[in-house]
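Biologist: I would like to learn how to read a structure file feature by feature. Please give the general idea each time, then the case at hand.

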Amino acid sequence: MTTDTATDVFEEHRPVLLGVAYRMLGRVADAEDVVQEAWLRWSGTDRGEVREPRAYLVRITTRLAIDRLRQVKARGETYVGPWLPEPYVTDFGATVPDTAERAVLADSVSLAVLVVLESLSPLERAVFVLREAFGYPYADIAAMLDRGEPAVRQLAGRARKHVEERRPRYEVDPERRRELTERFLAAAGEGDLDGLLALLAPDVRLVGDSGGKARAPLRVLESADKVGRFLVGAAAKGVPDPSFRIMELNGGPAIVAMSAGKPDSVFQLDVFEGRVQAVYIVRNPDKLRSLPLD
């Protein structure tokens, strides 16, 4: 296999590798670092011995992501306030035409699910991602992780049970989510408390991630009244030269609030039965750098 061909093969599978790494780590920069390291391993290996490049590359990427995740957990990093995954641009487009497959991929990268995955062990998370998001057979996952198939099935069952017990319910229909997101943006932007209260579930939760580097609640807010009043207060304070756009992030519509042409915050909603169940706000500037500006 020539260098050009090796590059072509790697680039063909890069989206899958980045998808695996991001779901494992919840951080775009870390995922890109892992994929870059996978490229270095791939470029230095005897590719003539590789029968299935995709499986080989996914195996390398998964193992590197497990190592990175263990390092992060071992450091015991202190984070100021609630932690949310870094917003991740998802545009499946024509590459994933099947509605059911798109729904699975979107769910596996949603903020709600990624927050739950943070509480899994690195191995449990790897098995869950490979099985639930990408549909790999247990035998293949076992080979990737150098584990027996029974052990992998046990890890998968434990991870699935954990996620299902903690996964918030939310509407997967993209049109309904977008329509409610647009109404939310209009009400919040106008400081319309009554309009917001009409959209919020009584037990709605607001989770703000600033990392201590921007203004955001340091604790989770609960109840429609508290969340609505916070949003109205935030709208009143505003930001310089504001603008807003709705784009697809983490498998669903999200509001990107811009200040002077740069991302200032990202709002994403969990919607169920026509009401907003959760509001996620990412304001940590380190987590907004990868967002497109145009």
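Predicted model: local features only at pLDDT ≥ 70, side-chain atom pairs only at ≥ 80, totals over all residues.

Biologist: How many salt bridges does the structure hold?

Modeller: A salt bridge is a side-chain nitrogen of Lys or Arg within 4 Å of a carboxyl oxygen of Asp or Glu. The structure holds 22 of them. One joins R14 to E11, with the closest N and O atoms 2.9 Å apart.

Biologist: Why are R14 and E11 separated by about one helical turn?

Modeller: Helices are DSSP runs of H or I with at least four residues, strands are runs of E with at least two, and both are numbered from the N terminus. R14 and E11 are three residues apart in helix α1 (residues 3-25), which means about one helical turn between them.

Biologist: Are R14 and E11 buried or partly exposed?

Modeller: Buried means under 20% relative accessible area, exposed means over 50%, and partly exposed is in between, using a 1.4 Å probe and protein chains only. R14 is partly exposed at 29%, and E11 is partly exposed at 38%.

Biologist: Which parts of the chain does the pair K213 and D286 tie together?

Modeller: The side chains of K213 and D286 form a salt bridge at 2.3 Å, N to O. K213 lies in the loop between β1 (200-209) and β2 (221-222), and D286 in the segment after β6 (275-282), so the bridge links parts 73 residues apart in sequence. D286 is partly exposed, with a relative accessible area of 29%.

Biologist: Which residues are joined into one network by shared partners?

Modeller: R27, D30, D33 and R68 are joined in that way. Within this network, the salt bridge between D30 and R27 has an N to O distance of 3.9 Å. Both D30 and R27 are buried.

Biologist: What is the nearest side chain of opposite charge to R177?

Modeller: For charge, Lys and Arg count as positive and Asp and Glu as negative, while His and the chain ends are not counted. R177, in helix α9 (residues 174-189), is buried yet has no salt bridge, and the nearest side chain of opposite charge is D270, 4.7 Å away. Contact means heavy atoms within 4.5 Å. Leaving aside neighbours within four places in sequence, R177 has contacts that include Y170, E171, Q268 and V271.

Biologist: What does L57 contact beyond its neighbours in sequence?

Modeller: L57 sits in helix α3 (residues 53-75) and counts as buried at 0% relative accessibility. Leaving aside neighbours within four places in sequence, L57 touches F10, H13, L17 and W42. W42 is 15 residues from L57 in sequence, and their C-alpha atoms are 7.4 Å apart.

Biologist: At what angle do α6 and α7 pack?

Modeller: Axes are lines fitted to C-alpha atoms, for helices over the stretch in contact, and angles run from 0 to 180 degrees between N-to-C directions. Helix α6 (residues 122-133) and helix α7 (residues 138-145) pack at about 140°, with axes 10 Å apart. That makes α6 oblique to α7. Angles under 35 degrees count as roughly parallel, over 145 as roughly antiparallel, 65 to 115 as roughly perpendicular and the rest as oblique. The contact between these helices is made by L123, V127, L130 and R131 of α6 and Y138, I141, M144 and L145 of α7.

Biologist: How is α7 placed against α8?

Modeller: α7 and helix α8 (residues 149-166) pack at an angle of about 105°, with axes 9 Å apart. That makes α7 roughly perpendicular to α8. Y138, A139, I141 and A142 of α7 meet E149, V152, R153, A156 and R160 of α8.

Methods
Residues numbered from 1 in each chain as written. Heavy atoms only, no water.
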